[in-house]
Amino acid sequence: MSTFSRLVRFLVKDGRIYYGDAILALGITDIAKATQARVIEGNIFGKHDVTHQIAEFPLLLAPLAREDIKTIRCLGLNYTQHAKESQMPLPKYPILFYKPVTALIGPLDIIPVRAPAQQVEELDYECVLVAIIGKEASDIPESKALDYVLGYAVGNDVSHREWQLKRGGGQWALGKSFDGWAQFSPGIVSSTIIKDPQALRIGSKLNGKTVQDSSTRGMIFGVAKTISFLSQGTTLLPGDILLTGT
């Protein structure tokens, strides 16, 4: 029995969809460049096996199927630099909002801009580190929190500032929860590979231009602290997704 290193979900030529462990050429770390994977059998949140069956695929999908996702929790204003740019005080507690599962799309999907979001030109991008909960977590201490992480990915917390800050009645979710506004990276890197989620470079490009370039060390509430905080009195489930802010 072996577990995955870089989880992908893909469509093969006959129309079937599989989970797999991405096969990368020597020296390549970008999962998006994978064209082959070892097929995974079993429950990715429980007993599963990375088989010797190799599948080729033309298309990578969102790394988790909608039916395997429980909730999409998101943090706002979780980087010191972002708070300063926004001229807002550092939060004392994590600012939490949710996105519906209908917001989730794959790495190559076109981000839809729905009619309400076209009324005012306030569309924005937010590159975020994504943590995926791998087992049930309740009232866990910060020192044990990372033990509950299945793996990590990157995402785009697509936002509309007008709907977020002015039309949401004080709640951010309306400006961040339109269909397709939680774009998810091509794969999930196992927590056995990423030991320290606070030591990662993170950034984004828009039309080839770098518009975000930072480090996860700049988080106000790190991944472990956030998971521990959210698990107090509320049980986190396998398949819960956490977008950790920008």
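The model is predicted, so local features require pLDDT of at least 70 and side-chain atom pairs count only at pLDDT 80 or more, whereas totals for chains, interfaces and linings use all residues. Residues are numbered from 1 along each chain as its sequence is written, and side-chain values use heavy atoms, with hydrogens and water left out.

**Lys-99**

Select Lys-99, found in strand 7 (residues 95-99); strands here are DSSP runs of E of at least two residues and helices are runs of H or I of at least four, both numbered from the N terminus. Lys-99 is buried, at a relative accessible area of 4%; buried means under 20%, exposed over 50% and partly exposed in between, with a 1.4 Å probe and protein chains only. Display the polar contacts of its side chain (pairs of N or O atoms within 3.5 Å; within protein, one must be able to donate a hydrogen and the other to accept it, and residues adjacent in sequence count only if both atoms are side-chain atoms). The side chain of Lys-99 reaches the backbone oxygen of Lys-176 at 2.4 Å and the backbone oxygen of Trp-181 at 2.8 Å. Beyond neighbours within four places in sequence, the residues in contact with Lys-99 include Ile-72, Cys-74, Asp-157 and Leu-243, contact meaning heavy atoms within 4.5 Å.

Next, select Trp-163 and Phe-178, both of which are buried. The structure holds five aromatic pairs, that is, rings of Phe, Tyr and Trp (its six-membered ring) with centres within 6.5 Å, where planes under 30 degrees apart count as stacked, over 60 as edge-to-face and the rest as tilted. The ring centres of Trp-163 and Phe-178 are 6.1 Å apart and their planes stand at 85 degrees, so this pair is edge-to-face. Because Trp-163 lies in helix 2 (residues 161-165) and Phe-178 in the loop between helix 2 and strand 13 (182-184), the pair ties together parts that are 15 residues apart in sequence.

Glu-162 is buried at 15% relative accessibility, while Arg-167 is partly exposed at 32%.

**Helix 3**

Move to helix 3 (residues 223-230), where six of the eight residues are buried. Among them are Val-223, Ile-227 and Leu-230. The elements covering the buried residues include strand 6 (72-76), strand 7 and strand 11 (149-157).

Lys-225 forms a salt bridge with Glu-142, the closest N and O atoms being 3.3 Å apart. Glu-142 lies in the loop between strand 10 and strand 11 and Lys-225 in helix 3, so the pair ties together parts 83 residues apart in sequence. Both partners are partly exposed: Glu-142 at 39% relative accessibility and Lys-225 at 38%.

**Asp-213 and Arg-201**

Finally, select Asp-213 and Arg-201, whose side chains meet in a salt bridge (3.0 Å, N to O). Asp-213 is in strand 16 (residues 209-215) and Arg-201 in strand 15 (residues 201-206), 12 residues apart. Asp-213 is partly exposed at 48% relative accessibility, whereas Arg-201 is exposed at 70%.

Key:
A salt bridge is a side-chain nitrogen of Lys or Arg within 4 Å of a carboxyl oxygen of Asp or Glu.
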